[in-house]
Amino acid sequence: MGCRGMDSWSALLRVVAATDRDAGDTSPVTLRPDPRHRMPGRGAWLHPTPDCFELAVRRKAFGRALRLQVALDVSAVARHLGVQHA
């Protein structure tokens, strides 16, 4: 997604959007890594590298891939990849 490169699904990291169901519609949308490819919902796929992640954030590719029009918290994915993200 970030680098727009093709690869097999086993080499990619799946990312899903999650909200706090108890907070209702006002809760922020958090991106969560899904390394086992098992979480429900629409997923976005990217190479599990810091470069591909940074490109996806800069291009706002997560929102388009997940069909979301809200601001996304990418900190959980950044922690999973070991990226220092502001």
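## Aromatic pair

Rings of Phe, Tyr and Trp (for Trp, the six-membered ring) are taken to pair if their centres lie within 6.5 Å; planes under 30 degrees apart count as stacked, over 60 as edge-to-face, and the rest as tilted. By this criterion the structure holds 1 aromatic pair. Phe53 and Phe62 form this pair, which is tilted, with 6.2 Å from centre to centre and 50° between the planes.

The model is predicted: local features need pLDDT of at least 70 and side-chain atom pairs count only at pLDDT 80 or more, while totals for chains, interfaces and linings use all residues. Residues are numbered from 1 along each chain as its sequence is written, and side-chain values use heavy atoms, with hydrogens and water left out.

## Sheet

Helices (H or I, at least four residues) and strands (E, at least two) are DSSP runs numbered from the N terminus, and two strands pair if DSSP finds at least two bridges between them. In this model 4 strands form an open sheet of mixed pairing, in the order β3-β1-β2-β4. The edges are held by β3 (43-46) and β4 (72-73); each has a single partner strand, so one side of each is left without a neighbour in the sheet.

Strand β1 (residues 13-18) pairs with strand β2 (residues 29-34) in the antiparallel sense, over 5 bridges. Within strand β2 lies Thr30, a buried residue with a relative accessible area of 18%. Counting contact as heavy atoms within 4.5 Å, and leaving aside neighbours within four places in sequence, Thr30 is in contact with Val16, Ala17, Ala18 and Asp73.

The loop between β1 and β2 contains Pro28, which is exposed at 58% relative accessibility. Beyond its neighbours within four places in sequence, Pro28 is in contact with Ala18 and Thr19. Pro28 and Asp73 are 45 residues apart along the chain, and their C-alpha atoms are separated by 7.3 Å.

## Salt bridge

A salt bridge is defined as a side-chain nitrogen of Lys or Arg within 4 Å of a carboxyl oxygen of Asp or Glu. A search of the whole structure finds 1 salt bridge. Its partners are Arg14 and Asp34, whose side chains meet at 2.7 Å, N to O. Arg14 lies in strand β1 and Asp34 in strand β2, so the pair ties together parts that are 20 residues apart in sequence.

Arg14 also stands opposite Asp34 in the strand pairing. Both Arg14 and Asp34 are buried.

## Nonpolar core

A nonpolar core is a set of buried Ala, Val, Leu, Ile, Met, Phe, Trp, Tyr and Cys residues joined through side-chain atoms within 4.5 Å. The largest such core has 17 residues, and those with the most contacts inside it are Met1, Val15, Leu31, Leu46, Phe53 and Phe62. Two or more residues come from each of β1, β3, α1 (50-58), α2 and α3 (75-81).

Leaving aside its neighbours within four places in sequence, Met1 is in contact with Ala44, Trp45, Leu46, Ala56, Ala61, Phe62 and Ala65.

Gly63 is placed in helix α2 (residues 61-66) and is buried at 14% relative accessibility. Gly63 and Ala17 are 46 residues apart in sequence, with a C-alpha to C-alpha separation of 9.4 Å.

Lys60, in the loop between α1 and α2, has a positive phi of about 60° although it is not a glycine. Lys60 is exposed, with a relative accessible area of 63%. Arg67, in the loop between α2 and β4, has a positive phi of about 55° and is not a glycine either. Arg67 is exposed at 62% relative accessibility.

## Cysteines

A disulfide is counted as a pair of cysteine sulfur atoms within 2.5 Å. A search of the whole structure finds 0 disulfides. The closest cysteine sulfur to that of Cys3 is in Cys52, at 3.8 Å, too far for a bond. Cys3 is partly exposed, with a relative accessible area of 36%, whereas Cys52 is buried, at 2%.

Technical notes. Buried < 20%, exposed > 50% of the residue type's maximum accessible area, 1.4 Å probe, protein only.
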